[in-house]
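User: I would like to know what stands behind the terms used for this model. Please set each value against its definition.

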Amino acid sequence: MEVIIQPDQDAVARLASQIIAKDLRANAHLVLGLATGRTMEALYQSLVGKCKTDKLDFSLCTTFNLDEYVGLAAEDAHSYHSYMCKHLFKHVNIDMRNTHLPNGLATDLDAECVNYENLIKKFGGIDLQLLGIGKAGHIGFNEPLSALLSRTRVKALTPTTLSQNATLFDSQTEVPRRAITMGVGTILDARKCLLLATGIDKAEIIAKAVEGPITSMISATALQLHRKCTVVVDEAAASKLQAADYYRWIFNNEPEWEEFR
Ligand code: F6R
């Protein structure tokens with residue numbers, strides 16, 4: 001795991017978009033794993049800017065989102081499908097036929113999950129998976145006690161997640177209680193992972209995810225097992241990390257990061 005500490009939320013988004021842009025320029029057929037949530041909004045804005053001003057080309061890339069609510073139609077304003085259209089797909093030259101999200105309205109949800117896994121395999125697996133982190137440490141919607149080898153499946157959301165997401169709905173009762181999510185094992189299969197976290201609210205969980213023991217109670221700790229996982233945080237989210245100075249030294253001195261400094 002590598003941890004990069006940036007001054008603020010905008011710098012996190014800028015750096016993450018540079019990392020994605022570099023991979024997309026190196027491989028136009030990149031298979032990109034996408035996440036939703038507030039943290040990703042600034043990143044998508046930055047990627048849209050790169051598409052418009054630096055001609056970053058999304059036309060051949062394929063995307064797979066981490067998750068979707070069960071019971072919401074793609075057209076529902078609260079679906080993650082709508083979120084992706086609003087924040088990214090509508091503004092870049094992506095071919096919508098190459099974008100994938102689980103179908104939360106599938107009549108056979110278990111079959112939908114198996115099909116989603118198979119589709120990811122058919123495209124050769126995910127090259128770069130974007131991740132946010134929930135306040136209780138979920139990645140995707142892998143809530144506490146998610147098996148660290150779990151695959152795409154339906155998960156019931158915890159009260160913490162329901163209230164975290166309630167602000168985006170009209171009232172807490174409207175937040176769907178279940179979601180289809182890639183499993184922790186599905187995420188770990190990605191060739192690279194890029195986890196973003198910003199704000200003081202994420203400081204405690206980032207310290208546990210990065211420096212704490214691996215536990216299925218906090219699915220983000222499984223990323224410690226990944227061969228190529230980069231965590232980009234702002235100063236606020238980094239404020240409880242014990243080895244922050246060491247991470248800063250690596251970013252400021254290792255040749256690998258020179259072009260991003
Ligand atoms: C969303 C997802 C979640 C969010 C996490 C952080 O697709 O998979 O794991 O990334 O809940 O959400 P924000 O950024 O809103 O704090």
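Predicted model: local features only at pLDDT ≥ 70, side-chain atom pairs only at ≥ 80, totals over all residues.

User: Why is Thr 62 called buried?

Analyst: Buried means under 20% relative accessible area, exposed over 50% and partly exposed in between (1.4 Å probe, protein chains only). Thr 62 has 6% relative accessibility, so Thr 62 counts as buried. Leaving aside residues up to four places away in sequence, Thr 62 touches Leu 30, Val 31, Leu 32, Asn 98, His 100 and Phe 123; contact means heavy atoms within 4.5 Å.

User: What makes a nonpolar core, and which residues of the largest one touch the most other members?

Analyst: A core is a set of buried Ala, Val, Leu, Ile, Met, Phe, Trp, Tyr and Cys residues joined through side-chain atoms within 4.5 Å. In the largest, with 81 residues, Leu 43 and Tyr 44 touch the most other members. Helix α1 (residues 9-26) gives the most to this core, with eight residues; helices are DSSP runs of H or I, at least four residues, and strands are runs of E, at least two.

User: Which strands are the edge strands of the sheet?

Analyst: Seven strands form an open sheet in the order β1-β10-β9-β6-β2-β3-β5. Two strands pair if DSSP finds at least two bridges between them. β1 (2-6) and β5 (99-100) each pair on one side only, and they are the edge strands.

User: How many bridges join β6 to β9?

Analyst: Four bridges join β6 (residues 128-131) to β9 (residues 192-197), and the two strands run parallel.

Conventions. Residues numbered from 1 in each chain as written. Heavy atoms only, no water.
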